[in-house]
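Subject: Structure handover

Hello,

I am passing on the structure below, with notes on what was found in it. Please read the notes with the structure open.

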Amino acid sequence: MTLTYDFAAQRAKYNRDAILSATPGTLLTMLYDRLLLDLGRAEAAQEREDWGVARQNLLHAQDIVAELSSSLKVDAWDGAPALFGLYTYVSGLLITANINRNIAHTRECIGVLEPLRQVWYVAAAELPAERPELAASGMLGIG
């Protein structure tokens, strides 16, 4: 008897399990990884004038930024309002990058978000594993 595996279903299950078992800090870095992946794909699509692919990736990036914005606890730490403002700014850039097919705005989003991703990686790595309540309480800006 031959077993056939639906690799797409297996991959989806693996991804779902990884998300469900991730710490808040890991979830945040996963969101940033996907956000920058979408932006890189959008930029490449814009360069080759593949507007459908660019649109799809820019819309997904907008969804991620909206999730980051909505989950940010702006009263949890002093820098949260500035981060919220940055998310609002990036959201506007993503909209105009999509509507106006503006690759410069896509590149600006990458330039703004890539260093922030690196900072979140450092912050997540420094958060003690035995103290997940810090991340849940808003220390990482999510919750």
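A residue counts as exposed when its relative accessible area is over 50%, as buried when that area is under 20%, and as partly exposed in between. Arg48 has a relative accessibility of 52%, so this residue falls in the exposed class. Please keep in mind that the model is predicted.

Salt bridges

The count of salt bridges comes to six. Side chains of opposite charge can pair when their charged atoms come close. Three of these pairs are described here.

Arg48 pairs with Asp50, and their closest N and O atoms are 3.8 Å apart. The cut-off for a salt bridge is 4 Å between a side-chain nitrogen of Lys or Arg and a carboxyl oxygen of Asp or Glu, so the pair qualifies. Asp50 is partly exposed, at a relative accessible area of 27%.

Another salt bridge joins Glu43 to Arg107, with 2.7 Å between the closest N and O atoms. This pair links distant parts of the chain: Glu43 belongs to helix H2 (residues 24–47) and Arg107 to helix H5, 64 residues apart. Arg107 has a relative accessible area of 39%, which makes this residue partly exposed.

Helix H5 also holds a pair of its own. Glu114 and Arg117 meet through their side chains in a salt bridge, at 2.5 Å from N to O. The two residues are three apart in H5, so about one helical turn separates them. Glu114 is partly exposed at 25% relative accessibility, whereas Arg117 is buried at 16%. Together with Asp33, Glu114 and Arg117 are linked in a network of salt bridges.

Packing of H4 and H5

Which angle do helix H4 and helix H5 make where they pack? The angle is about 150°, and the axes of H4 (residues 80–99) and H5 (residues 103–126) lie 9 Å apart. The crossing of H4 past H5 is left-handed. On the H4 side, the contact is made by Leu83, Leu86, Tyr87, Tyr89, Val90, Leu93, Leu94, Thr96 and Ala97. On the H5 side, the residues in contact are His105, Thr106, Glu108, Cys109, Val112, Leu113, Leu116 and Trp120. Sorted by class, the contact between H4 and H5 has 13 nonpolar residues, three polar and one charged.

Regards

Conventions: Residues numbered from 1 in each chain as written. Predicted model: local features only at pLDDT ≥ 70, side-chain atom pairs only at ≥ 80, totals over all residues. Heavy atoms only, no water. Axes fitted to C-alpha atoms, helices over the stretch in contact; angles between N-to-C directions. Helix = DSSP H or I, 4+ residues; strand = E, 2+ residues; numbered from the N terminus. Left-handed = near helix turned anticlockwise from the far one by under 90°. Contact = heavy atoms within 4.5 Å. Nonpolar A, V, L, I, M, F, W, Y, C, P; charged D, E, K, R; others polar. Buried < 20%, exposed > 50% of the residue type's maximum accessible area, 1.4 Å probe, protein only.
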